[in-house]
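Thanks for coming. I'll go through the ligand site, then a few backbone details.

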Amino acid sequence: MSQYPIGQSYLCCAIYSVIMRRNIVIFASGSGSNAEQIVQYFHSNSSVEVSAFFTNNAKAGVIKRGNRLGIPTVVFHTEAVKNGSVLAALKKISPDLIVLAGYLKLIPSSWVEAFPNKIINIHPALLPKHGGKGMYGMNVHKAVVENGDVESGITIHYVTEAYDEGAPIFQASVPVNSGDTPEDVQKNVQKLEHEHFPRIVEKLLSE
Ligand code: GRF
């Protein structure tokens, strides 16, 4: 028999999950499939909340996803980064983790200072290969094929003021077979992203 009456133990659980609640925000400039995957992963986990999507692209697919999923979605102009209002909004939310999932702009040093080791990014290749300015989306997968690489993969890493240079957190790889097109590589890499990214976010939140 339980030590507490059921009502009391339920209350303890509820209080615990409120106290332990972690919140994250997700930045995306494009489709937002990874952002959605993360929301779905935590759907039935009351101790993790996706507080908002942020996008710098008024035409980004992530906006529709946010509306469908009921996630508040902030569309901001570059000016709002320069004048500090995006940073002010982030400070107000005070996220435990800022997740970049296909966000194409550089992160200002003021953000990195305000959220040390709390900003992470996913890159669709095995860094340090195929990273840096201009290396995003299909450009990465074309470079992998043109280079004759026998494998590609994903890198989840902390974010600094430079593109794709922060300390790696996690990598997973997938073979590139002869005859694979950049589209094939993209498909295989995306599978890895959806499989691992939410899991790594969860792990970081629990540390
Ligand atoms: C992913 O390939 C991610 O690795 C990269 O941008 C892409 C975003 O895809 N940083 P999606 O918008 O989540 O579908």
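A definition to start: Ala, Val, Leu, Ile, Met, Phe, Trp, Tyr, Cys and Pro count as nonpolar, Asp, Glu, Lys and Arg as charged, and the others, Gly among them, as polar. By that scheme the shell around the ligand has 4 nonpolar, 7 polar and 1 charged residues.

This is a predicted model, where local features need pLDDT of at least 70, side-chain atom pairs count only at pLDDT 80 or more, and totals for chains, interfaces and linings use all residues. Numbering runs from 1 along each chain as its sequence is written.

Which residues are around the ligand? They are Ala 28, Gly 30, Ser 31, Gly 32, Ser 33, Asn 34, Ala 101, Gly 102, Ile 122, His 123, Pro 124 and Glu 193; near means that the C-beta atom, placed from the backbone, lies within 6 Å of the molecule. At least two shell residues come from each of α2 (33-41) and β5 (119-123). Helices (H or I, at least four residues) and strands (E, at least two) are DSSP runs, numbered from the N terminus.

Now the backbone. Between Leu 127 and Pro 128 the peptide bond is cis, with omega near 10 degrees. Pro 128 sits in the loop between β5 and α7 (137-146).

Ser 94, not a glycine, has a positive phi of about 50 degrees. Its loop lies between α5 (85-93) and β4 (97-100). Ser 94 counts as exposed because it has 11 C-beta neighbours inside 10 Å. The cut-offs, with C-beta atoms placed from the backbone, are 20 or more others within 10 Å for buried, 12 or fewer for exposed, and partly exposed in between.

Asp 164, also not a glycine, has a positive phi of about 60 degrees, in the loop between β6 (151-158) and β7 (168-175). Is Asp 164 buried or exposed? Buried, because 20 other C-beta atoms lie within 10 Å.
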